[in-house]
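The following exercises are to be worked through with the sequence and the model at hand. Each task is followed by a solution in steps.

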Amino acid sequence: MGVQICFSVATLPSDEAWTLFKKTTSGGDCDNWGVVEKNNPEVMRSIAKKVVEECEGLPMAVVTIAKALKDETLQAVWKICLEQLSNGAAGKKVYSCVEWSYTHMKDGDDLKSLFLLCASLRYGYISMDHLLQYAIGMDFFDRFDTLEQARNRLLASVEILKVLGWLLEGHKNENRQNFGGSNSSLIFMDYPYDNKFVRMHDVIYDVAREIASKDPHSFVVKEDVRLEEWSETDEFKRCTFISLHCKKVHELPQGLVCPELQTFLLHNYYYYLNIPNTFFQGMKKLQVLELSKMSFRTLPSSLDSLENLKTLRLDGCHNLEDIALIGKQTKLQVLSLVGSKIKQLPDEMVQLTNLRLLDLEKCEGLKVIPRNILSSLSTLECLFMRDSFTEWAIKGESSANACLSELSHLSYLTTLYIEMRNAKMLPKDILLDNLKRYAIPANGSRGLRTDRKLRFYCVNRSSHLGDGISRLLERSEEVEFEELSGTNYVLFYPSNRETFLQLKHLQVSRSHEIEYIIDSTDQQFLEHGAFPLLESMFLRWLNKLQEVWHGPIPMGSFGNLKTLKVEFCSELSYLFWISTARGLSQLESMTVENCEAMQQIIAHEEESIDEYSGTNLELFPNLQTLILKQLPQLITFGHKVSFSKLEILVLHDLPEFKEIWSLRCPFGSFYNLRILGVYGCPYLFSRVPSHLI
């Protein structure tokens, strides 16, 4: 397992085991002990204590059985549990507890199958993306009409298994590069980071593997087994699920007769593993097939006999060139080619009319997608093309490649990640109103923080942004513009609909016509609120920027802004009106650099001069980092601020800067300051209050 230190875990004394059991069954409140106290408490308490005794002081056994019995009101069930634990072999109490909990699980076969699937994948972290792809092919959620519903059911099922203690959350800082796949696809982007992967405790893993190997489950995991000998066993013939790890095996037999096999996961650790063309002929019922990291150039010909195949994963097949055979898999719902080196999608893919998820992430060699293939995938719900194909045809021009307008024909499409070299490839009349999650970053991906992102490079608003894309823009959570033209402002507000209410991150750069980021001179805008969720705003190389906000500013604007960075905006003379600054109660980091005309950070409207003169407003109460660099005309901050939570203050090359603090600082000013850097500020340094030194 790679651990550096092994140590034993002591068993619990009987009183501690009893307390742990009560806390677990009562949700942590030992004084209000749930169903036991409400249903013949003396008898139930006696049974419960005997159940705890059978756990032999093993914490995992106590917790596992307590969670299974937590909401159980029937006394008979508790007695059956006690009887099974009493009959269990000594030294296998954890196994007995997990097995009993598994047998009496109330949430049906889907949950049991998911538990066994997780145990059959391998040690370490398990990607939620992979779980979804397997689950669809294994018909776990066949009663749900859409992939979105299956996703939600998977999330709910995983949470139940976590409550039972059978699955554990992933950890944000762990290195997951060793178990395949990307960090997370877009479909789980809105799920908490730590929960995009799950893992299983080693003890639970061993128990689950033993349960999985028994009839009628027939989930089998093998490593470097001699297939010819194993294929003659009864275990092999009744298998419905095989996960085969080939670390030393270089060649597979000509074929395997597996009449009941529905899922076959082949994990290859040796790129030159040879798969004979006849290998799959005896697997007629196969629904899920994983052939990742294989060295073949063409698919084994016996794949055309797999008429029931629903999920096919060909990730990391670096020599793969010809995948035309998949055109015969007309029941296929999931096709994953992540990291494979295919150069062209075959024309035969037009026959995949049941395909719901197509993952072409990191197919960097993919240069040809013939026209009408994508539009023929009429049931497609998820399309992932991160770090992949970018050679989209421009509508109206002669090209053999697909045009993005084909996506308008996919009425079920809800999740989309595509890339393009520039905005000219985006048809002005494209309609993608059904999208729930999307990332459309032109000119390369820069990472995702949300599940609704648009990034435009070299885009002319009037020429490239039609009504369909504008509607996507208005409900995006993350927006980036680079070299925006055809307008003197960035964000606009149609009067007939609310806009940008979900925007969390905004970045604008190298757009030399921009004079304002927001233009609210249209009074109709004031009826709608403004950027209630905006967390970060980055402005860079905007040579004509005059104001961040032009026109009346609604109350509460930027109220959630946490990070602000402004760089190389040579005509910007101030950053905020004081009325706006008052609302920035959540701002934590502010950086202003290389703005030649900047004279003050906070400016006063004429009507506010008397109102705020001489007062110590509680501006920026949560500001922790302030960096002001290379601002040759900056004279003053513009208003006295206490900076009660400021931890980092850097003032660099401010030759005219005279005051950021007063000799009469309000109580608590700068008291949390940890880092102070003052360089090239000749008028300021001699006036630093003594308590800051």
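A residue counts as buried when its relative accessible area is under 20%, as exposed when that area is over 50%, and as partly exposed in between. The structure examined here is a predicted model.

**Exercise 1. The surroundings of A597**

Task: Determine whether A597 is buried or exposed, and identify the residues that it touches.

Solution. Step 1: Locate the residue. A597 is found in the loop that runs between β23 (589-593) and β24 (600-603).
Step 1: Apply the cut-off. The relative accessibility of A597 is 17%, so this alanine counts as buried.
Step 2: List the contacts. When residues up to four places away in sequence are left out, A597 touches S570, E571, L572, S573 and Q633.
Step 3: A597 and E571 are 26 residues apart along the chain, and their C-alpha atoms are separated by 5.3 Å.

**Exercise 2. The chain as a whole**

Task: State how many helices and strands the chain has, and what share of its residues is buried.

Solution. Step 1: Count the elements. The chain has 17 helices and 27 strands.
Step 1: Turn to burial. Of the 693 residues in the chain, 53% are buried.
Step 2: Examine the contacts. Among those with a separation of 6 or more, 65% come from residues 24 or more positions apart.

**Exercise 3. Helix packing**

Task: Describe how α1 and α4 cross, and classify the residues of their contact.

Solution. Two packed helices are described by the angle between their axes and the distance between the axes.
Step 1: Apply them. The axes of helix α1 (residues 14-25) and helix α4 (residues 59-69) come within 8 Å and cross at roughly 35°. The crossing of α1 and α4 is right-handed.
Step 2: Name the residues. On the α1 side the contact is made by A17, L20, F21, T24 and T25, and on the α4 side by P59, V62, V63, I65, A66, K67 and L69.
Step 3: Sort them. The contact of α1 with α4 comprises nine nonpolar residues, two polar ones and one charged one.

Solution. Helix α6 (residues 93-103) is mostly covered, with nine of its 11 residues buried.

**Exercise 4. Aromatic rings**

Task: Classify the ring pair of F264 and F279 and that of F637 and F643.

Solution. Step 1: Recall the cut-offs. Rings pair if their centres lie within 6.5 Å; planes under 30 degrees apart count as stacked, over 60 as edge-to-face and the rest as tilted. The count by this rule comes to 19 aromatic pairs.
Step 1: Take F264 and F279. Their ring centres are 6.0 Å apart and their planes stand at 40°, so this pair is tilted. It links distant parts of the chain, since F264 belongs to strand β6 (residues 263-268) and F279 to the loop between β6 and β7 (288-290), 15 residues apart. F264 is buried, with a relative accessible area of 1%, and F279 is buried with an area of 1%.
Step 2: Take F637 and F643. Their centres are 5.4 Å apart and their planes stand at 85°, so this pair is edge-to-face. Both F637 and F643 are buried.
Step 3: Look for a cluster. F500, F531, W549 and F558 are linked into one by ring pairs.
Step 4: Look for charges over rings. K49 lies over the face of W18, at 5.4 Å from the ring centre, and K565 lies over the face of F538, at 5.7 Å from the ring centre.

**Exercise 5. Positive phi values**

Solution. Step 1: Take K293, a residue other than glycine whose phi is positive, near 60°. K293 lies in the loop between β7 and β8 (311-313).
Step 1: F620 lies in the loop between α17 (609-612) and β25 (625-629).

Technical notes
Residues numbered from 1 in each chain as written. Predicted model: local features only at pLDDT ≥ 70, side-chain atom pairs only at ≥ 80, totals over all residues. Heavy atoms only, no water. Helix = DSSP H or I, 4+ residues; strand = E, 2+ residues; numbered from the N terminus. Buried < 20%, exposed > 50% of the residue type's maximum accessible area, 1.4 Å probe, protein only. Lys NZ or Arg CZ within 6 Å of the ring centre and 35° of its normal. Contact = heavy atoms within 4.5 Å. Axes fitted to C-alpha atoms, helices over the stretch in contact; angles between N-to-C directions. Left-handed = near helix turned anticlockwise from the far one by under 90°. Nonpolar A, V, L, I, M, F, W, Y, C, P; charged D, E, K, R; others polar.
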